[in-house]
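Biologist: I'd like to learn how to read the way a chain splits into parts. Could you walk me through one?

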Amino acid sequence: MISRRKALRAGAGLAALATVGAPSILHAQTKTLKITTWGGKWGEVMKATVLPAFEKEFKCTVSADQAFPFLPKLQVSSKNDPIYDVLHANSNEQWNAVVEGLVMDKITAKEVPNIADVYPYAVSDKIVGVTIFTSAIGLGYRTDKGLTKPTSWKDLADPKLAGSRGGYLIPVNSLGQAHLMMLGKVYGKGLTDLDAAYKALEALKPIKLVDFTGQMEKMLLSGEVSMGVIHDSGVYRYEGPNMQPVDFASPSEGVLALEQVLNVTPGSKVKELAFGYIDYMLRPDVQKLLAEAVWYSPANKKVKLAAKYDAKLLTTPEKVAALIQPDWKWYNARREDIDARVTKILKG
Amino acid sequence: MTTAARPSPIAWLIAPAGLLFVLFFVLPFAVMTAMSFYSGNPVTNPNAFLTTRHYERFIFDTAGIFHEALWSTLRIGLITTVVSLLIGYPLAHWMARMQSRLGHALVLMAVIAPMLTGIVVRTFAWMTILQDKGVINTTLIQWGLIEKPLPLMYNEFGTIVALVHIYVPFMVLTLTGVIGRIDERLEQAARSLGAGRLRAFVEVTLPLSLPGILAGSLLVFALSISAYVTPSLMGGTDVLTLPMLIAQQVGTSFNPNFAGALGVILLLVSLAIVVAYNRILARLAGGQGMA
């Protein structure tokens, strides 16, 4: 027979369990969207404004992973229950992901209505998923070193810049990879002319190489390099009180696109919500907020930026026409050979 | 239950360490080794098959970079170890023989202090000192001693300087313990029997401190061949080590299987070197194995 004391104790225990269990029951009713996103200023704006507003409107919670690299984590998670619902990555990684069946190969205006308003580059055949922003890769240079503003990619090869020009470790940086293809276009028959690109790369030695863009910004700011390959936002963000003697130049041969691409994982359990998130990120007000925070060019044609951003970013069909989109599928398929070749060229 | 069947209290104390070792070394290493023999991830990709192609890729090295990467990893490890030993030994000897407790504590603090700062921070500090617009080059140019900056970093030299700075404390701490336990009277006896200072050191103290040299060198060697942050920040394009290649394979080439193979190869090669080193030192010390 159960004594009174025992019964009371059991009752208290049950009550305690129920209290502990309650939030998780509530939690199960709200959907969770698992996304990847950048850190830095972008991450601050996302966490402070963009994501809370999304959670409120779509009555969900968003769990955002900012710890790069994302793709290896997606690779080891189950395809039926992937670690992310939406993958935010640059275009070359999205192409790596699609080859392994980790992301969808096409997203249309049917799933994401705002796609109807994006510039063609955002959903071109060079993109898997949807581009929400782009940067332009061109040349960053010091304005206090007596250099004339570069007008061509060939200006980086100026002998005066020996040892003070900057580039990337091509195997680990997509700006370096895009620049290599651009060398093929400028010095050879086109973006896929690797022989011409290798020759041109050899001619850029001695060159200082870094593995990520933040490092290139640092080298430009410290004067360690006088001219280097960089994306426009990496230069424009030093404005106002942070003004530095650096500027960005768009070479006449065209600028390379550094796209911020969103894509949905095929195994996502909350696909509708995932598409809703992409649609939300393409809304003109959200696009304006983020574009002006980090100097990214919005993919949505209808966005009206403040004058100072509008003057510099790619916000008209004419300006957007200067964007060159590399064929990452082609590049990734040859990647091992290219990595080995450029490593040998740049070593020593 | 009998008392004899009960595990000893020591076993219980060792259990957490053992569990950690199994969970965070044996198990991951086994998974990595298994992965290195697959074409893809067998858990998520049903088409993944068993293959030795990752090892073949390394062994035949048609790309011509992998053997060089292995060699430069080992070279950087060896030079870092030797330099750390040359810097660390006199310091450790001085510390071990110091009479003043306060002096000993102060030197110990000085040795340990750099370890209180993260490796990334220390490496960045070296960058501001050694880069072309860094402290050394700017000063020398200002004084008119040189016209062009000296190539102090983005090469093996800079990498080794930073690695030595990071790993000398490991060498010193290991050696101090061993040298401190050597009976000073043995050296005094040798000297009273007519040996000079140098001879007494070479024939008495040095052989007795071999176990410390072995342990310290192995520690520094293991740490420096597996270093990733320092070579990638200080080395520029001149330095490509296996840990950098492994990170590249996982993080940007998305080929964890090849990365696994590289990891296994690095471990096997370093094990072989450690065994050989142990043998040689044991022979020098009079035929006993020491580790």
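Modeller: Let's begin with the word contact: it means heavy atoms within 4.5 Å. Keep in mind that this is a predicted model.

Biologist: Okay, which domains does the assignment give for chain A?

Modeller: Domain 1 takes in 30–134 + 258–311, and domain 2 takes in 137–257 + 329–346. Over C-alpha atoms, the centres of domain 1 of chain A and domain 2 of chain A are 27 Å apart.

Biologist: And how many residues of each domain are in contact with the other?

Modeller: On the domain 1 side of chain A there are 13, and they touch 15 residues of domain 2 of chain A.

Biologist: Now zoom out. What does chain A as a whole look like in numbers?

Modeller: Chain A has 14 helices and 11 strands, and its C-alpha trace spans about 95 × 45 × 40 Å along the principal axes. Of its 348 residues, 55% are buried, which here means under 20% relative accessible area.

Biologist: What share of the contacts in chain A is between residues 24 or more positions apart?

Modeller: Counting contacts with a separation of 6 or more, that share is 73% in chain A.

Note on methods
Residues numbered from 1 in each chain as written. Chains lettered and ligands numbered in written order. Predicted model: local features only at pLDDT ≥ 70, side-chain atom pairs only at ≥ 80, totals over all residues. Heavy atoms only, no water. Helix = DSSP H or I, 4+ residues; strand = E, 2+ residues; numbered from the N terminus. Buried < 20%, exposed > 50% of the residue type's maximum accessible area, 1.4 Å probe, protein only. Domains from an automatic or database assignment.
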